[in-house]
Amino acid sequence: MNIFVLATDKCTVSAVYGIIDVFFAANYCQGQRYGEGKKDSLRCQIVTITDKPVVGYNGFSIMPTQLITAEVPDVIIVSSSVETIIDCCAEHF
């Protein structure tokens, strides 16, 4: 299964890399249980809208690992935005 994680400016960097870690762990567990290459693995790539690095909310750059137009993925996961969360909380202070 091909999975794209779409990173955007001011996204939550840990969410982008964290989901990739989850899929990596899933592939590892699947390999241990069924044997390497016995089942299709989850192929996860980071993409950006412009195919250029973006800067997350914490100031760290996120580099795309594949061009967004390289293929049609089975799943696209969109990164979360910290500003949305902070903006809703700011009204109460």
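**Strand S1 and its partners in the predicted model**

Strand S1 is joined to strand S2 (residues 43-47) by five bridges, and the two strands run parallel; strands are taken as DSSP runs of E with at least two residues, helices as runs of H or I with at least four residues, both numbered from the N terminus, and two strands count as paired if DSSP finds at least two bridges between them. The model is a predicted one, in which local features need pLDDT of at least 70 and side-chain atom pairs count only at pLDDT 80 or more, while totals for chains, interfaces and linings use all residues. Residues are numbered from 1 along each chain as its sequence is written, and side-chain values use heavy atoms, with hydrogens and water left out.

Together with helix H1 (residues 13-34), S1 and S2 form a right-handed β-α-β unit, where right-handed denotes that, with the strands pointing away from the viewer, the path from the first strand over the helix to the second runs clockwise.

Because five of the five residues of S1 (residues 2-6) are buried, the strand is largely enclosed by the rest of the structure; buried denotes under 20% relative accessible area, exposed over 50%, and partly exposed the range in between, with a 1.4 Å probe and protein chains only. In a regular strand the side chains alternate between the two faces of the sheet. Both faces of S1 are covered, with Asn2, Phe4 and Leu6 buried on one side and Ile3 and Val5 buried on the other.

In helix H1 lies Tyr28, which counts as partly exposed at 49% relative accessibility. The C-alpha atom of Tyr28 is separated by 9.1 Å from that of Ser41, a residue 13 positions apart from Tyr28 along the chain.

Taken as a whole, the protein chain contains two helices and five strands, which follow the order β-α-β-β-β-β-α from the N terminus. Of its 93 residues, 25% are buried. Among contacts (heavy atoms within 4.5 Å) between residues at least 6 apart in sequence, 68% join residues at least 24 apart. The mean pLDDT, the predictor's confidence in each residue on a scale from 0 to 100, is 88 for the chain, with 87% of residues reaching 70 or more.
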